[in-house]
Amino acid sequence: MEKFSFLSNKEFRKLVEGLTGSFTVYGTVRKDARLSAAGDGFPAYGRISCFEDLVLGLTPTHLSAKEFLFPQRETLLKFDIEKMTHAAVVEAVDQVIIGLHPCDIHAVGLMDRVFAYGKPDVNYLARRAKTVIIGTDCMPDRFCFCKSVDTMNVDAGFDIFLHRVKGVEPPQGAGPPQNGFLVRTATDRGKTILSKYAKAKKASLKQLDEIAAFEKKREDSFTAHIDAPAGQLPEIYSKSDESPVWERIGAICYGCGSCNNVCPTCYCFDVKDEMKSNLNEGERVRVWDGCTLEDFAKVTGGHNFRRTRSDRLRHRFNRKFNYLTGRFGALFCVGCGRCSRTCLVQINISEVTNELIREYNAKKRQ
Amino acid sequence: MPENAEKIRPKAAFFSFTCCEGCQLAVLSCEDELPDILRALNIVYFREAMTEKRVEPSQREDYDIAFVEGSVTTQKEITKLKHIRKKAKTVIALGACSSTGGLNCLKNRFPMDFVKKTVYGKYAEKYKKTFETLPVRPIDSIIKVDCYLHGCPISKTEFLSAFTALLMGKTPITQNYPVCVDCKMAGNICVFEKGMTCLGPVTRAGCDAVCVTYGCICWGCRGLVDDPNVSAHKETLKRYGLTAESMLRSFDLYGNCSLRKSGSLGVRPAKK
């Protein structure tokens, strides 16, 4: 119980303003308000330069926060052929990301393991070390299924975590109830930042009841789910190579890579050497790549190891539920539902998985 | 640059067929890089950029790289294009008109007599030979093209990367994935979620999705990717309320999409 303290909205404002003064701050914002059906914009990540920019949303953002740790395009090396010089480039600034939901925090944890695996990735790890993560609570929409993949709650992987509360009822005539947050910290860095920029008070029992009630409501609000225990999914996927599901979804897939690009755990990239027009200087850059794109598994000579969209989708789904679980001991899908939400042809990751589960169970009964 | 640079500098020529010449302007707008380009290339013909009113390279004159802009709409252009192919070691299609036919293909929706009459009125009949016109075609329906720079207009970045690749003897890379990739990387909210429709999911990327980034939609100016899922896109457009006719119109705007070519030099189009 002691792990929670209360941060009034006023103090939260001080925290955010303090952070924008000393860090590069990214956080959840609302985008394109004019074009959204409800008129209040779409949830997305963006640069936070003042407190008003920040909108802590309850539902997931379109793109994940991975771009702040693993940018769409980054320079790894600069070279000069004429001078015969080269220098590695590691770009990392002190930054804060505010508004990650539990699924996103789990995703960052998986990325940390990926980029530390084998030969550690200097660029990612340098950036990660300088990144403060501030999480916040959420409410599932019809695509969220973190409850089914054990990523609904987090105890680590963030520096500060914010639970929304209505706050203490003020004495009569003193205005509306003051909103605020119950905060948890999981790192010393989080504790230091919190005490440096804001004054947190002791949380009241009423507030604790309030977030317990919110969490209960959240748990009961899931409409999407996976119909098998998370631990069984690698086995089910490994027996589903011949499933007719792949042909069916392959036929409607664009191969547009949107699922890869919005996914918080898709980390594949391409490395290219780009020459400047003077033909002396150049850069080695790394850019996002996606396994559902046609040229992803194409090699010299023109052979493509996964020529059809069906092959490529099967590969992507297996990367999430089967292939990587052996290496990292965890599912690589955190249930954020972003791929299903973004897919124009409505390929839904939880529905596809449930179809495979049904086939697997039917085969077992035979 | 070595001493004998002048001798090894490849000769390049820019030719323009039926188009707005905007892709040549896009080349000229690479202002920071133009000195480098001039150091590396010996440009023997570039009407849009040259002060002197020189005539096109003669029969005897050779050039290594021909940048060809514009689509083909007359018999004269066919003859000239074939001549260019004979002379040049490498032919590069510069922009939508030359690589896919471009906006000019709108003409192909009508009979040629009707088109001529609409534009030239009574003179269409009087000066038959002057106003001779053929259905619009991309240049690769007449000659072999080694490399395509797509877009209306071309992307400066792509032009410069093709330029360095050619000088280094590498194959210029043309993206073979849909605009959705560029659009997601730009952090855009999907056009379909904003209550509009778009050709991005089947259109070749490489444009950084500028149109969507600045509030517009993708009209497909770069042509289709090698292996587009057109039937899926028709279903999507239908789901978002587009009629069959308006669908065909949007697919058709930047040239007949069925005439799409492979993304880059040496890579064959996707197998059926």
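The lining of the second largest pocket divides into nine nonpolar, nine polar and six charged residues. Here Ala, Val, Leu, Ile, Met, Phe, Trp, Tyr, Cys and Pro count as nonpolar, Asp, Glu, Lys and Arg as charged, and the others, Gly among them, as polar. This is a predicted model: local features need pLDDT of at least 70, side-chain atom pairs count only at pLDDT 80 or more, and totals for chains, interfaces and linings use all residues. Residues are numbered from 1 along each chain as its sequence is written, chains are lettered from A and ligands numbered from 1 in the order in which they are written, and side-chain values use heavy atoms, with hydrogens and water left out.

**Stop 1: the pocket**

Stay with that pocket. Its volume is about 600 Å³. Select Arg142(A), Phe143(A), Ser340(A), Arg341(A) and Thr342(A), the closest to its centre of the 24 lining residues. Then colour α10 and α11 (349-365) of chain A, which each supply at least two residues of the lining. Helices (H or I, at least four residues) and strands (E, at least two) are DSSP runs, numbered from the N terminus.

A pocket is an open set of points on a 1 Å grid over the protein atoms alone, with protein on both sides within 12 Å along at least five of seven lines. A cavity is a set of points where a 1.4 Å probe fits but cannot get out. Lining residues have an atom within 4 Å of a point. Grid points are joined across faces, edges and corners, and a volume is the space filled by probe spheres set on the points.

**Stop 2: the largest cavity**

There are nine cavities of 30 Å³ or more. The largest has a volume of about 220 Å³. Select Cys256(A), Ser258(A), Cys259(A), Cys339(A) and Cys343(A), the closest to its centre among 21 lining residues.

**Stop 3: where the chains meet**

Show both chains. The contact (heavy atoms within 4.5 Å) takes 38 residues from chain A and 37 residues from chain B. The area buried between them is about 3,200 Å², with 55% given by carbon and sulfur atoms. Buried area is the accessible area (1.4 Å probe) that two parts lose on being put together, summed over both.

Which three residues supply 22% of the area that chain A buries against chain B? Select Tyr254(A), Ser277(A) and Leu344(A); they supply more than any other three residues.

Next, pick Arg309(A) and Asp227(B). Their side chains meet in a salt bridge (3.7 Å, N to O). A salt bridge is a side-chain nitrogen of Lys or Arg within 4 Å of a carboxyl oxygen of Asp or Glu. Across this interface there are two.

**Stop 4: a helix in chain A**

Go to Glu11(A) and Lys14(A). They form a salt bridge, with the closest N and O atoms 3.1 Å apart. The two are about one helical turn apart because they sit three residues apart in helix α1 (residues 9-22) of chain A. Over all chains, the whole structure has 34 salt bridges.

**Stop 5: two loops**

In chain B, select Cys152(B) and Pro153(B). A cis peptide bond joins them, with omega about -5°. Pro153(B) is in the loop between β5 (147-149) and α8 (156-167) of chain B.

Finish at Leu279(A), in the loop between β11 and β12 (281-288) of chain A. Phi of Leu279(A) is near 60°, a positive value in a residue other than glycine.
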